[in-house]
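Here are my notes on the charged and aromatic side-chain contacts. Have the structure open as you go through them.

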Amino acid sequence: MSLADETDKSDKPSYFNLPPLDVSIAFPQATPASSFPPSVSDYYQFDDLLTPEEQAIRMKVRECMEKEVAPVMTEYWEKAEFPFQLIPKLGALRIAGGTIKGYGCPGLSLTVSAIATAEIARVDASFSTFILVHSSLAMLTIALCGSEEQKQKYLPSLAQLKTIACWALTEPEYGSDASSLKTIATKVEGGWILEGQKRWIGNSTFADVLVIFARNASTNQINGFIVKKDSPGLTATKIPNKIALRIVQNGDILLKKVFVPDEDRLPGINSFQDTSKVLAISRVIVAWQPIGISMGVYDMCLRYLKERKQFGAPLAAFQINQQKLTRMLGNVQAMTLVGWRLCKLYENGKMTPGHASLGKSWITLKARETVALGRELLGGNGILADFLVAKAFCDLEPIYTFEGTYDINSLVTGREITGFASFKSAPVKDRSRL
């Protein structure tokens, strides 16, 4: 031990390195989120719009999340690690694969898939993102754009969560402008060589199957490929220092002359436009994540305000707190009904890209307001992950951004209602006309 270490140690009190108090001892007046509050946000009785089967699936997912995930989520969020031991519990829910019919998939309606997503996000947004990437992006791409052989080969084990998938579109230089991606696929005898880099890819560090998008060197169009883990030249490393969705293992993917056999090229992806049929569904599912997050925050805040006392009364008894709770509750009702209508538009073949984009952008905007109010209501405990709201506050931020930022989604809807595309800035001229 160095002199500096000895000096540093001697300067500290004897209790300096003691472990922290358990939150139930440190703050006994309110129950932490490890014991999750009852669901009380369905003020307008949205459940009445669901079939008995849909209600049963909702309750099954809710019970699993409250029993299995809630007790450990804060610990793993703090460590930024994924609790792999819980994957079989999620697999037993039979929701992976969502709307896909056959191949061992559940063949659920979009409405049920969306509600299941919300119930997962209500307890933990990272888990809902894990399932969304695996199911509503990677599995759905194989189902909609893969060959019959690919569906039979990959989907059954993915549906059981015996294997895990990721979906790699975003690159360091291309986020919102994803269609400009520059990862290259070059045709060689018997297959393709992939060269490039991907970033922010959820599940990528442990995925068995990676759905990779690359530009065909011959046609200049976007193609899709199924890459297996540990393929020579493939690496995926965890992105550190995130402040949100910390349980999700987002990674940087490097592709250095990765060979993909012809049998693993997705035949249904021949241009960037072919990804739209996948994104149309996934964007609806993403819109239900902030609904679920807001439900959980409201549930947590209502219980907390009833338990926590100041000035001789429960915080729930004060007018300003009731006003904030009411705003939060109103937001949850509105978000839920917009999300429900979006599902029904899709199921009836009436949903447009503008519908999906408006739903996702508006719902995330209202969710931001809702979790911010929740953070105010919890005071100092509003910055502790133990009481859910701080974690939810952070976790909502990337959801506001991914699957199209608020601004980009607004422009998608704007293009649809005006007929004018305004995504790109006007050309920059060398000389001003002034």
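1. A quick word on terms: a residue is buried under 20% relative accessible area, exposed over 50%, and partly exposed in between. Keep in mind that this is a predicted model.

2. With that in hand, take E75. Its relative accessible area is 42%, so E75 is partly exposed. K79, at 37% relative accessibility, also counts as partly exposed. The two form a salt bridge, with the closest N and O atoms 3.2 Å apart. Both sit in helix α3 (residues 52–79), and because they are four residues apart there, about one helical turn separates them.

3. K187 and D262 make a salt bridge too, at 3.2 Å from N to O. This one links distant parts of the chain: K187 is in strand β4 (residues 184–188), while D262 is in the loop between β9 (250–261) and β10 (265–266), 75 residues apart.

4. Now have a look at helix α11 (residues 389–401), where D395 and K391 are four residues apart, about one helical turn. They form a salt bridge whose closest N and O atoms are 3.9 Å apart. D395 has a relative accessible area of 1%, so it is buried; K391, also with 1%, is buried.

5. For the structure the salt-bridge count comes to 22.

6. On the aromatic side, searching the whole structure turns up 14 pairs. One of them is Y304 with F387: the ring centres are 5.8 Å apart and the planes are at 80°, so this pair is edge-to-face. Y304 belongs to helix α8 (residues 276–307) and F387 to the loop between α10 (353–377) and α11, so the contact ties together parts 83 residues apart in sequence. Y304 counts as buried at 2% relative accessibility, and F387 counts as buried at 0%.

7. There is also an aromatic cluster to check by eye, made up of F82, F84, F127, F130 and F206.

8. R246 has its charged end over the ring of W77, 5.6 Å from the centre.

Terms used. Residues numbered from 1 in each chain as written. Predicted model: local features only at pLDDT ≥ 70, side-chain atom pairs only at ≥ 80, totals over all residues. Heavy atoms only, no water. Salt bridge = Lys/Arg side-chain N within 4 Å of Asp/Glu carboxyl O. Helix = DSSP H or I, 4+ residues; strand = E, 2+ residues; numbered from the N terminus. Buried < 20%, exposed > 50% of the residue type's maximum accessible area, 1.4 Å probe, protein only. Phe/Tyr/Trp six-rings, centres within 6.5 Å; stacked < 30°, edge-to-face > 60°. Lys NZ or Arg CZ within 6 Å of the ring centre and 35° of its normal.
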